[in-house]
Amino acid sequence: MGDNTGMKTSLILATLLGAGALGGCDGERVVRISTSNSEDTGSGVLKVVDTLQCPDTQGGLTRKGAVSPDGTICTYGGPKGAEITLHLVKLDGMTAEQALKAFEERLGRDLPEAADKVRAQETSTQEAMSGSSSEMATGSDAAHISAPGMHIDAKDDQASVRLPGLRVEADGDRASVRIAGFQIRADDHGAAAQSSTGSSAPATPTPPPTNQGGVTINARDDATEVRTRAGGEAVRMTYVLTNNQASAAGWRMVGYEARGPAGGPLVVATVRAKSERVDPVFRDAKRLVSLNVGD
């Protein structure tokens, strides 16, 4: 992402992941979410490249071995056993989303417990909220309030609140909160959230549309998944999946930084780390991507 977008993304990820956004005291599940202007389109035009530039070192990263003969893959080692692999990916008729989905699936296999948790949370919240009704029944334990700019319907453990820029739908232990373009869906297991310009769709495993920036967050127990995308036609995307519990191989955080022109090729830096801290490993991975295609 561009300098501004990258900074905002780092703030989002640091808030959610670096500061221990999930898992409060005494087993309490806590989700803290920051978002930024999703119309940020990055700093400039991204370059079309044929082969990767893979310096010997980048920040705390050191290249391992030679660049692949076709110039499309190189691998780096980082602090505490982190592994970063730089890929040059031709789209060959695929969309960027399709190409990057394959990376997400491979990375998810390196952190399977976290991937299973966030997929389960997506399914839980979407099924729960699809069954809720915006129509509130009448009865003795009901309240109905209408005033300029305000509408409230409540009955038993159901409630619907609509205020300028804010909408809340609650049914028992399930809730949906929408504040401007930011949406949170939650039940008693966790939360899923989405922020995108002009979009009212629920949080899903797919990134925001190509020309829209946004942030999508899925969290359950100690697992968190974050996707960010800068607006505009060019591809500037970040994906992070973390889990407090290490995988069998010792990984606690996996993800990628991807950039490139809309038609490709994309430069994708995949990251696997044994620490949940996003920085500095992701910062150095982003710099490798920027070196190749720009900001």
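Modeller: A charge sits over a ring if NZ of Lys or CZ of Arg is within 6 Å of the ring centre and within 35 degrees of the ring normal. The model is predicted: local features need pLDDT of at least 70, side-chain atom pairs count only at pLDDT 80 or more, and totals for chains, interfaces and linings use all residues. Numbering runs from 1 along each chain as its sequence is written, and side-chain values use heavy atoms, without hydrogens and water.

Colleague: How far from the ring centre of Phe-103 is Arg-106?

Modeller: Arg-106 lies over the face of Phe-103. Its distance from the ring centre is 4.5 Å.

Colleague: Which residue puts its charged end over the ring of Trp-251?

Modeller: The charged end is 5.4 Å from the ring centre of Trp-251. It belongs to Lys-274.

Colleague: Which hand does the disulfide of Cys-54 and Cys-74 have?

Modeller: A disulfide (cysteine sulfur atoms within 2.5 Å) joins Cys-54 to Cys-74, S to S 2.1 Å. Cys-54 lies in the loop between α1 (3–18) and β1 (57–58) and Cys-74 in strand β3 (residues 73–77), so the pair ties together parts 20 residues apart in sequence. Helices (H or I, at least four residues) and strands (E, at least two) are DSSP runs, numbered from the N terminus. The S-S torsion is about -80°, so the disulfide is left-handed.

Colleague: Is Cys-74 buried or exposed?

Modeller: Buried means under 20% relative accessible area, exposed over 50%, partly exposed in between (1.4 Å probe, protein chains only). Cys-74 has a relative accessible area of 1%, so it is buried.

Colleague: How are the rings of Tyr-239 and Tyr-256 arranged?

Modeller: Ring centres of Phe, Tyr and Trp (its six-membered ring) must lie within 6.5 Å to pair; planes under 30 degrees apart are stacked, over 60 edge-to-face, the rest tilted. The count is 1 aromatic pair. These two centres are 5.5 Å apart and the planes at 25°, so the pair is stacked.

Colleague: How many residues apart in sequence are the parts tied together by Asp-110 and Arg-272?

Modeller: A salt bridge (side-chain nitrogen of Lys or Arg within 4 Å of a carboxyl oxygen of Asp or Glu) joins Asp-110 and Arg-272 at 2.6 Å, N to O. Asp-110 lies in helix α2 (residues 96–110) and Arg-272 in strand β16 (residues 266–273), so the separation is 162 residues.

Colleague: Which residues does the salt-bridge network join?

Modeller: Arg-119 meets Glu-225 at 2.7 Å, N to O. Glu-225 also meets Arg-227, at 3.1 Å. Salt bridges that share partners join one network: Glu-104, Arg-119, Glu-225 and Arg-227.
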